[in-house]
Structure formats: C-alpha cells, structure tokens
Amino acid sequence: MLADPGALDRPARGRLLAGAPIAADLRAEVRAAVEAFRGRHGYTPALAALVLGRSEPFARYLQQILRACASVGLEGREVHVEGRVSAARVRAELCRLNADPHVAGIIVQQPLPRGLSPRVVTETLDPAKDVDGLTPLNTGLVTLGYGGFAPATAEATLEILRRSGVSLEGLHAVIVGRSHVVGRPVAQLLLREHCTVTICHRRTRELVSHTRQADVLVVAAGAPGLVTGEMLKPGAVVVDVGTSVIDGRIVGDVESESAARVAAAITPVPGGVGPVTNAVLMQHVIRAAEVQARASRRAATP
Ligand code: ADP
C-alpha cells in the first residue's frame, strides 16, 4: 500500500536549485573578507563599472551590482562615458581605472556599443582587475587551471552545482552554447571537475541526441524554450543560464514546466544563476584586491 495513494498520478517534480541561498552564503563569505581587508589595509576596495552611453539592460544589471557591492561592504563606482563613445575615450577611462590603486575590479558594459571592437577592452583592461574574465590572459589561466578570473556567470554555474551537492566527477556534461562568456568557460571549469564534456551550438545537428545524454545540462543559448522536458535524460541536473525578456518577463532557455517533470533538479529563471553571478563577481573583486595589495607591498619592499 502506498503511503500517498495519489503519488503515482502526480508528475514528480525536480528539485529547484534556487540561487538566493547560495548567493547569500557567498556574500556572507565576501563580507567577512572585505572587513578583514579593511582592517589590514585601511581602505575599501572598489568595483568600477564603465558605462558606455545608454543601455537599459545594462543599467538594470548595474543597479543589482551596486546593491551587491553595498551589501558586502565594497565600494561600487559608476564611470560614465557620455555622448559619442570612441575607442580612444574608452581606452583613456580604462587606463585611468587601471592606475587607480583603490579600484580592485573593473567591469565594462556588455554588449559594447555598435562599432566598438571588443579588442579595445581586451587589450587595455588590466588582467589583474578583469574580474569578469574577459581578457585573453584570464582565459588562458582558466584554461590551464592556473587560477585567473573566469567569467562570473560561468563560475556561478559551477558554484550552484557544487553547493547543491552534485558530485560531478565522471558525469557527462552537455553545454548548449559556445560563447566566450558562458559556454566555453563553463566547459573548461567542468573539465577541471572531471566531467566528460560536449559543447553544442547553433550548427550542431540533432541537438536532442546530445541533450538526452546529459547527466548535467547547461543551457546558455539565449533562445527561450529551446530545451524541453522530452529532450532531457530522466534525472538530469539542468542549469538554465539563458535570460531573455518576453512581454516584460525574464525567461530562460529551458521550458521549465516540462523540464521539471523529467529533471532531478533545475535552476529557475529568474532567481537561479543571476543572483549567484552577482555574488561571484563580489568574490572576484575581493580576491583581486588581495592579490593587488600583496603585489604593491612586495613592490614597496626594498
Ligand atoms: P550567451 O552570452 O548567453 O552565451 P550568445 O548569444 O553569446 O549568448 O551565444 C549564444 C550561443 O548559443 C552560441 O554559441 C550559439 O551557437 C548557441 N545557440 C543559439 N541558438 C541555438 C540553438 N537553437 N541550438 C543550439 N545552440 C544554439
């Protein structure tokens, strides 16, 4: 006799991997580290955000970042380039921030305004302050496993898996999307955790044949509803990195209703990867501040 006779008629639902509690834990760790830093070095490190013209989505993201800074005790600084955003002006602002000893981390509005090459940023931004892992040096360090800053979203994906108790070693991880900010760095981080990794993209044939193999599925395609429940292996863990705005609502790449019936666990959108990404960025800023403080102390020692 079943303890709950209705149980077989009801679809089982996967566990929700909410980002908020993980983000709160991370922020508490960062807050303690910032306080210790201030005690040791006598100043509050800053995260500077370079805002290029006007972008509604970036403005919204920036408000979240500034709130996160305030909640962990970091200084959040907005630097605006108004009017015509030329490469020379972006370079000049980046050089100024690179040279400012209180600025530990720098983020730059993404996507860049039309006509501005990403090289302007990747060739100017000091890799030591590149807390969102955009520069080639950080990409290389992460790939080699020599530290460096991975893009915050990619690392947030791993934090969610790790802190939710998913044991990754030996699992088949399938990633949908090969962008430099999510798909590729997530692949590197999962390889480091000893997953077998498949990367799918727009030209992949029969996406479903790959997604059905996934013990862990990371979807970062920016395509709402791309992945449905029938494309999943039963019991899979799904991280939905997509964020698109449809009719004023934020939606992911995974059709959550059908996916939750097949997956063992799934991140919600909103409220999954997003909050953890912001907290990871804070963690990167205090890590950058500590490395920079050590380096300047070494430089000052005869
Ligand atoms: P993000 O910043 O979220 O990674 P991008 O737009 O930079 O988003 O990259 C989107 C990635 O998703 C690309 O690598 C692209 O090949 C992949 N992608 C988009 N649509 C599909 C699709 N229908 N099937 C498989 N991959 C897709």
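My entries on salt bridges, a charged patch and cysteines follow.

**Ground rules.** I am working with a predicted model, where local features need pLDDT of at least 70 and side-chain atom pairs count only at pLDDT 80 or more, while totals for chains, interfaces and linings use all residues. I number residues from 1 along each chain as its sequence is written, and side-chain values use heavy atoms, with hydrogens and water left out.

**Salt bridges.** Side chains of opposite charge can pair when their charged atoms come close. I counted a salt bridge when a side-chain nitrogen of Lys or Arg is within 4 Å of a carboxyl oxygen of Asp or Glu. The total is 11 salt bridges.

I looked up D100 and R77 next. Their side chains form a salt bridge at 3.0 Å, N to O. D100 sits in the loop between helix 3 (87-99) and strand 4 (103-108), and R77 in strand 3 (residues 75-81), so I noted a link between distant parts of the chain, 23 residues apart. I took helices (H or I, at least four residues) and strands (E, at least two) as DSSP runs, numbered from the N terminus.

Then I checked R162 and E193, which pair at 3.5 Å, N to O.

How exposed is R162? I found R162 partly exposed, with a relative accessible area of 39%. My cut-offs were buried under 20% relative accessible area, exposed over 50%, and partly exposed in between (1.4 Å probe, protein chains only).

**Positive patch.** R40, R294, R297 and R298 gather in a patch of positive charge on the surface. I joined like charges within 9 Å, using residues with over 30% relative accessible area and no salt bridge. Lys and Arg count as positive, and the place of an Arg charge is its CZ. Helix 10 (residues 273-300) gives the largest share, three residues. R298 lies in helix 10 and is exposed, at 60% relative accessible area.

**Cysteines.** How many disulfides are there? I counted zero disulfides, taking a disulfide as a pair of cysteine sulfur atoms within 2.5 Å. C200 is buried, at 0% relative accessibility. C69 is buried too, at 0%.

Conventions
Patches are made of residues with over 30% relative accessible area and no salt bridge: like charges are joined within 9 Å, nonpolar side chains (Val, Leu, Ile, Met, Phe, Trp, Tyr) within 5 Å. Accessible areas come from the Shrake-Rupley method with a 1.4 Å probe; for residues, only the protein chains shown count as cover.
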